[in-house]
Amino acid sequence: MKIKNIILLIIFILVSAHLFASVKFNIIEKNSEYRYIKIFKGTDSGIKKGIKGEVYNEKELQIGVLKVISTDEFESIAELTLKKNEKLSNIKFISIKSLNLERIVFKLENSSSYLIIDKGIKENIKKGMKGSLYSKGKFAGLFKVISCYDHKSIIQATNLNIGYDYIDIDSGKTKDYLARVIESSGIVNLSYKNVIMILIGVLFIYLGVAKDYEPLLLVPIGFGIILGNIPLPLQIFNAISIYMIDPVTHQYAFNTTTNSVMGIIYFGVRSGLFPPLIFLGIGAMTDFTALLSSPKSVLLGAAAQIGIFATFLGALAMKFSPANAASIGIIGGADGPTAIFLSSRLSPSLVGPIAIAAYSYMAMVPIIQPPIMRLLTTKKERLIRMKPGRKVSKLEKIGFPISAFIITTLIAPGAIPLLGMLFFGNLLKESGVTTRLAKTAANALIDICTILLGLSVGASTTAQVFLNEKSILIFVLGVISFGIATAGGVLFAKFMNLFLKKENKINPLIGAAGVSAVPDSARVAQMVGRQEDPNNYLLMHAMGPNVAGVIGSAIAAGIFLGIF
């Protein structure tokens, strides 16, 4: 029995030594004279390593030969040797006449990714082995062994780390299974920046759940922030993350492949799809009666947009490009979907910081606005009671979305995706004959889009991309923009009162509702007003400038889109 256990132990040690062995090597050849091609035929068609074939041009003239260096069941890798002055672009088809295979389907490979190393079969290098590549001792990427000879092998760099090119690689090491398991864990790749972002995500969830600050937004965004900051190993980064390492620039870029789970969801943000759908739902939920009964509230909504244009000028002064400055300025409208829509068109790389800033300030409306409102108004002004608005007919309610859409989009055609959906949703609601469609838009559709948008926007805040000086500046400019917008609405209401009769005067508090945070800024106006007079009901009055602000920020976005 003891002998059997000893034999089993020896076998285990030998197997472990084989499984967990690693081999260091140096790169002996880069930018080989060979060019590599993938053939979509393999051992099932009789192809074997070493077999040769022919390369033809459009005129069916042979312009080179190929030699298979690696083959699997359904595909093979071959080295190409072209005749003098022939180019890869001249290749029309390939054949392997010795196997009677004609016009084989092929794909040109990135030949720069194929490297020759100084270790081979004699040094225990085997086809299919994987490991890490290094540049001056620093981790530069991953590889797999394509083909082996006695004392050299051909490897392919399958993934490059951020900031490295194929030419930078000088050495590598095969990795045993244990090392590959450890390196593929999130714990090994976790950085302090990821921890900071995860804590921010937890804070967002806390504010949404415990403080009830825009929970429908902050909870998905908060969880998305956590999701986006779980570190991904390089070998699966492009298959899962919203970002990818661009094969040309070797920097982070939005994932445009079709095999990334989060990249597919984020397509709704990157393409500008989610914001118009959310506007459709907003339109189906919005009652424009307050605006129609008091048309002068349109001016308050327009006045609050001063924050957008003031911050645009400020961002230009800080050396942001005009397109980026426009995207940052729109934060002052406190309208998340509009900010995302504009930045996805003008500044795709800034969508994450801009969206997080816009939604953060929407959630913090009850904190940011009241001090500004009290500072700019007297007690007497806050006590002003406004007379009820007139009754609005059904015909006006139906006619408004149609006429308003025509007028606003003639002014700013760039706002058609947003305003078109907003007013269409409102028409569904007010027509009285499309109730089912209105309910779908106002409930299921907007909820689905809000979930996907919040989660994917949160996931876009990967620490390595998000935590930088530019993001901090965007947050600072965003809060300035929001403060200016609030002040602009309040001060313009005071200005309007200079020309209004006593019975028609406006409570300046409703001017703060001109920002687009519907209905939160209207609720804040009601809250601050009732702190002075518990029987003063400003909510319906504040909804006028509030919905006007939604229209105003969309028009501003359309103007910026038309200019830049």
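In strand β9, I117 is the bridge partner of I27. Strands here are DSSP runs of E with at least two residues, helices are runs of H or I with at least four, and both are numbered from the N terminus. Two strands count as paired if DSSP finds at least two bridges between them.

Before going further, a word on what you're looking at: this is a predicted model, where local features need pLDDT of at least 70 and side-chain atom pairs count only at pLDDT 80 or more, while totals for chains, interfaces and linings use all residues. Residues are numbered from 1 along each chain as its sequence is written, and side-chain values use heavy atoms, with hydrogens and water left out. The pLDDT score is the predictor's confidence in each residue, on a scale from 0 to 100. For the protein chain the mean is 86, with 94% of residues at 70 or more.

The β1 and β9 pair sits in a closed barrel of six strands, which runs β1-β9-β12-β11-β10-β13 with antiparallel pairing. On average, neighbouring strands of this sheet are turned by 45 degrees against each other, direction ignored.

There's also an open sheet, with seven strands in the order β7-β6-β3-β4-β5-β2-β8 and antiparallel pairing again. Its edges are β7 (101–104) and β8 (106–108), each of which pairs on one side only. From one strand to the next, the twist averages 30 degrees. At the β7 end, β6 (residues 93–96) pairs with β7 in the antiparallel sense over two bridges, and I94 stands opposite I104 in β7.

Now for the helices. Two packed helices are described by the angle between their axes and the distance between the axes. The axes are lines fitted to C-alpha atoms, for helices over the stretch in contact, and angles run from 0 to 180 degrees between N-to-C directions. Take α15 (residues 365–376) and α21 (residues 469–497): they pack at about 40 degrees, with axes 10 Å apart. α15 and α21 are therefore oblique to each other; angles under 35 degrees count as roughly parallel, over 145 as roughly antiparallel, 65 to 115 as roughly perpendicular, and the rest as oblique. Their crossing is right-handed, meaning that the near helix is turned clockwise from the far one by less than a right angle, with anticlockwise for left-handed. The contact (heavy atoms within 4.5 Å) includes V365, I368 and Q369 of α15 and V479, F482 and G483 of α21.

Helices α12 (residues 322–329) and α13 (residues 336–346) pack at about 170 degrees, with axes 9 Å apart. That makes α12 roughly antiparallel to α13. Here A323, N324, A326 and S327 of α12 meet L342, S343 and L346 of α13.

Finally, α8 (residues 274–285) packs against α19 (residues 435–459) at about 145 degrees, with axes 8 Å apart. This crossing of α8 past α19 is left-handed. Among the residues that meet are F274, P275 and L277 in α8 and A438, A441 and A442 in α19.
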